[in-house]
Every structure is written in structure tokens, then in C-alpha cells.
Amino acid sequence: MREIVNTPGYYYSIAYILAAFIVVHTNRRRMSGWKRNLAHIIFTVSLSGFMWITDGVRQMFFLPAMAVSVTLILLYLYVCCEFTIPEAGYYCARAFITGEFAASLCWQIYFYTAGTVLPQQGQLWKWGELIVVYGIIFAVVYLIERGLQKEAVNVRINRRELLTVIVITIAVFAVSNMSYLDQNTMFSSPFAGEMFAIRTLVDLSGMAVLYAYHIQTRELQMKFEVDTLQNILEMQYKNYQLSQESIDIVNRKYHDLKHQITLLKAEANSRKSLEYLEEMEQDIRSYEAQNKTGNKVLDAVLTSKSLYCQNKEISLTCVADGTLLDFMAEMDISALFGNMLDNAIESVEKLDDKEKRLIHLSVAEQKSFLRIRVENYTEEKISFRNGMPVTTKKDKHLHGFGMKSIQSTVRKYGGSVTAGVRDNWFELRVLIPLNQKQQ
């Protein structure tokens, strides 16, 4: 059997490029159009050209050359995907080991078949086998990555996750390439067949460990997100219950006061006293007209938020038909409106000009849909992702759950949430079909 010790560099360069392409096409895009295509071309030419130049370098230059190749993959992922540096490093590690495995397996198959099964086929067999093996491997990898993206959960990468995958990647690469650097260790072999088998099996194990770690991290973060959204739901409902208790006490006092004013008016002995009492009665009637939408939960939420807005010198206006909300659970109503108004209040509180602290809520029926709209004035530059605003807070992973709670509640009733900014007015719109039973 012909001894073919070194895997050609173009096997690895093609594998790295394909692995990186899959990451780019299954994650959030940072750029599109001609810029994205240009990035593809620059990366492909740079990596393939560098690996062609450094193919077969001496052992002392092997590790520096690999470091440059990995850096090119990292830069490509960071430029094309909406990744932070830790996220780019995390996905770069997985792409690198995937490329290592694909190249190792493909060359191992060629090593055995070229010397035994089809010894006369030469370059035709080599390229045909490469296309078939890479096609199968990367089709499977692409399907796995697409499957992992089905759930609307973006895996958050911090230093711990990044350090873990770096350690795994270095360990896998070191063991799989030990025979190339030193053939006299317990993890290496002087024989080409054994060396290829070790490299392929170690790379496959590394891929499995990295994917298992990714899935575990993803599931833990999904559980954290579900628990957080449930806590927000319960917190908003408790706020509603407390508000309702306070409103009930105020209403009782209000009715007592209304009767007392009526008695005082009957006993008033001067025109000035009568005018004063009538003024008080008018103020009380204005309270009676406030936040009477036809839905007690919405009334309680609006009363609570209105009192807060008064203290912060925020103008909150509302035009709402609360009877349209009868199909929704009380907890969902309190969470939906509580979070929508909290987000608007948090936004306008940042405005120095108190005259611009404006919020408007409307609830109405539109062509068999429940339409909810919250508008607030803003001077912030708001970024959007998938049609929804991205939190402006520094720790993005611990914030933004209010908006996720809104989306979760609306999806429960088969509705949709959209947002936008026009002429310094931020608008959050909810549409829910009305021809349904409570879910």
C-alpha cells in the first residue's frame, strides 16, 4: 500500500470554508448584498491562498500557520454574522473542528480506496470522492445547525462558554495531530493508517462533545428564559392584584365622599360654600370617568400606571374598549398591558423635556382583530432585529424580557407583534384574531 502521510492543504481549506459558510448562513446577518458577497470572496481567496502557500511547512511553523488560519475564520464569522467577539470565537471553534473532521475522514477514505479498491483512478477518483464525502458531511451539519435554530433562542456566550470550547478544541486538535508532530507518544502512531484513524476518531469525538455542550447550554438558557418569563407574568399579575385592592379601597372612600358632599350641599348656607362643594363634586366625577374601559383588569393596570405617570410628570392618554379583552385570561391581560406600558414609561422617563413625555394607548377592533397600540415619544436611536427593538442596556442578556413576555403572551392567542419608529414616535402594535375561544 502506498504511504500517503500528509493530508493535502486544500482538503482542509475547502472543509474550513464550507464549515464557516454553514455558520454564516444559519445565524444572524451583520451585512447583506454585495458587501456580504465580497466578504465571502475575500475569505475564500485568503484562506485557500494562505493554506496553499503554507501546505507542507516544517513542523516548527505548523502551529503558527494553523493559528493564522483559525484567525481568518474568526474574522470572517465576526464580519458576516451579528456576533460579539466571544460568540464569533465560540462558533469558530465548532467550524474549525468540523473542518478538521471532514478533511480527516475524506483523506482517510481516499488513502484506503486509492491503494486497494481503485488504484488506477488517480485525480478523478480523488476529486469525486471529495465531492461526495464533503457533500454528505456538510449536508448533515447544515441540517443539524438549521434544527438548532428552529427555537427562537439565541445562545448567549460569555467567558465561561468561550473558555470551555477553546479548551475542548485545543485538546481535540492536539491529540488528533500528535502523530504529525511526534510519532513516539501514547496518542500517536508511526503508521499512516493508524494515524488517520486516530485523527478521524478524535475529531469526530470532538465534534460530538462540542455539539453536546452547545445543546446543553442552549437547553439551560431556554429553561432560564421560560422561568424568567413566567416570573414576569406572575409579578405583573401580583401588581394588578395589589392595584385592584388599592382601587377598591379608594372607590369605597369615593362613594362615601360623594354622599357626604351631597349632604353638605343641602346644608350649605352661602353661595361660596356651594360653589366650592360643586367644584369638589366635579373633580370627583372626573375621577369616576377615568379608566373605565369595561375590563376590570385593564382598569386596574391603567389606574396604577396613571398614578405613577402623574408622579413622573408623564402624560398618559388612553382610548380603549376593554370588553374586547374578555377572551383573555386575567394574568395575560395584566402581563401584556403592564409590560407594554412599563417599556413606554421607561423610554419617556429618559427625556429631559417633560412636555415630550407622552404616551398613548389604544384598544379597538379592526376587521375581526383586536388591535392594541402603544405610542410614546422618543429621541433614542433604536435598533431593530427581526422587526423588534433591541434593548439598549449594556447587559443585553439580562434585559429585554419585557418584550419577550409581550411576544409570548400574544403568540398564545395566535397574534403578532410589530414595532417601528416614525417622526420620533415609537409604536408597538399588537394584532390578535377575535374569532377564538380562550386558550
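I began with β6 and strand β7 (residues 425-433), which pair in the antiparallel sense over 7 bridges; pairing here requires that DSSP finds at least two bridges between two strands, and helices (H or I, at least four residues) and strands (E, at least two) are DSSP runs, numbered from the N terminus. Within this pair I found S416 opposite L431 in β7.

I noted that the model is predicted, that local features need pLDDT of at least 70 and side-chain atom pairs pLDDT 80 or more, and that totals for chains, interfaces and linings use all residues. Residues are numbered from 1 along each chain as its sequence is written, and side-chain values use heavy atoms, with hydrogens and water left out.

I then traced the open sheet, in which 5 strands follow the order β1-β2-β3-β7-β6 with mixed pairing. β1 (315-320) and β6 (416-422) stand at the edges with a single partner strand each, so one side of each has no neighbour in the sheet.

Next I looked up the helix on β6 and β7: α12 (residues 401-412) touches both strands as it packs on the sheet, and its direction makes about 25° with that of β7 (axes are lines fitted to C-alpha atoms, for helices over the stretch in contact, and angles run from 0 to 180 degrees between N-to-C directions; contact means heavy atoms within 4.5 Å). α10 lies across β1 and β2 (358-366), at about 160° to β1.

Last, I checked α10 (residues 296-311) against α11 (residues 330-348), whose axes come within 9 Å and cross at roughly 25°. That makes α10 roughly parallel to α11 (angles under 35 degrees count as such).

How values were computed
Parallel < 35°, antiparallel > 145°, perpendicular 65-115°, else oblique.
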